[in-house]
Amino acid sequence: MSNSKFSNWLVLIFLLLISCNKNEDCEISDEILDIPLQVEIHRLEVPFFENISVEIIKSKMEENPAFTAALFSGLEYSSKEKLAEDLFKLHNDPDMQDLYQEVKTYFSDLSDIEHELEKAFKSIKHHYPEFEPPVVYTFITGFGTDLIVTEELIMIGLDYYLPDDHQFQPIDLPQYIAKRYTVDHLVPTLVTAISTRFNQTDLKENTLLAEMVYYGKSYHFTKSILPCTPDEFIIGYETEEVIGSYANEALIWGHFIENELLYETNPFEIRKYTGEAPFTDVISPDAPGRIGRWLGWNIVDDYRINNDLSLRDLMAEESAREIFRKSGYKPR
């Protein structure tokens, strides 16, 4: 595939409207919106950074055991008292206090995030009535932890979501990853993480196809839960990267077929197509990274549409080979 062919983004710019956003039917039904569920974000950065003492920090850790276990359990401390003492010193550090004040100013109101999470949780509960929404916390970790997602809780490191022109930025984070730390990406990222508990794809196949389908199901789940969210905020591409991928879908697919990649089991080869990278250089320097995940998303979309499946049935299918076989996938 020539680079000039792949980089011809704008020839098919109309695909932005007909393919990449897929938002034509993005209305959320009253049946979903009427589900009795409310989200309240617990802002734990406040009691851990304002008017603190060792005893206050220790008390807050005891009051929030699930949060404490999720964020601090991996740290080696001889006692909770020692952990509280070290947190007191860290949170009183002038730089950490400056960071806290900046986050406090920028994120003075989280009601929009609460509202989006509430809609997302209602939609998940619509498809999975047994779903119990996790408790949502925010915190400031000094760019130590961005997100923690378990069945019981979500922890959001708000410092990661300051604007990209802010003086405080995470250190040594590649730009192609750092660009995803925006408020627009936050809820889609959380929904994608939640999707893992429902994604029953059998990864023991150890094939590139299995990874493609696994990620494809995750993105399809997120799009189903957040139908009005543009694709770029789900997969973490720039808008022009989404457009270019659709414009060159046949060329991308041809590369996979010509090189017999679908049943590749070499993890180093698989990583070239699904691993984090600024671009997929084995195809083209213009091809965005993780292109195998994007292609898997298209396969999963076709599988569900062509087989008239519920989201629950889709996520429960274990065989990537079966999904591919029944998808009838063809490049647009």
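Trainee: Let's start with helix 11: which strands does it lie across, and at about what angle does it run to strand 3?

Mentor: Keep in mind that this is a predicted model. Helix 11 covers residues 183-195 and lies across strand 3 and strand 4. Its angle to strand 3 is about 35°.

Trainee: What are the edge strands of that sheet?

Mentor: The sheet is open, with four strands in the order 1-2-4-3 and mixed pairing. An edge strand pairs on one side only, and that picks out strand 1 (41-43) and strand 3 (147-149).

Trainee: In what sense do strand 2 and strand 4 pair, and which residue is the bridge partner of Thr 138?

Mentor: Strand 4 takes in residues 153-157, and five bridges tie it to strand 2 in the parallel sense. Thr 138 has its bridge partner in strand 4, namely Ile 156.

Trainee: On to helix 7: how far apart are its end C-alpha atoms?

Mentor: Helix 7 has twelve residues, 80-91, and at 1.5 Å a residue it should span 16 Å. The model agrees, as the end C-alpha atoms are apart by 16 Å.

Trainee: Why do the buried residues of helix 7 line one face?

Mentor: The buried ones are Leu 83, Ala 84, Leu 87 and His 91. Down the helix 7 axis, the buried residues line one face because they fall within an arc of 100°. In general, an α-helix has 3.6 residues a turn, so residues three or four places apart point the same way. The value you want for helix 7 is that arc of 100°.

Trainee: And which strand is included in what covers those buried residues?

Mentor: The cover includes helix 4 (45-49), helix 5 (54-63), helix 6 (65-72) and helix 8 (94-106). The strand included there is strand 2 (135-139).

Note on methods. Residues are numbered from 1 along each chain as its sequence is written. This is a predicted model: local features need pLDDT of at least 70, side-chain atom pairs count only at pLDDT 80 or more; totals for chains, interfaces and linings use all residues. Side-chain values use heavy atoms; hydrogens and water are left out. Helices (H or I, at least four residues) and strands (E, at least two) are DSSP runs, numbered from the N terminus. The expected span of a helix is 1.5 Å times one less than its number of residues. Buried means under 20% relative accessible area, exposed over 50%, partly exposed in between (1.4 Å probe, protein chains only). The arc is that of the directions from the helix axis to the C-beta atoms. Contact means heavy atoms within 4.5 Å. Two strands pair if DSSP finds at least two bridges between them. Axes are lines fitted to C-alpha atoms, for helices over the stretch in contact, and angles run from 0 to 180 degrees between N-to-C directions.
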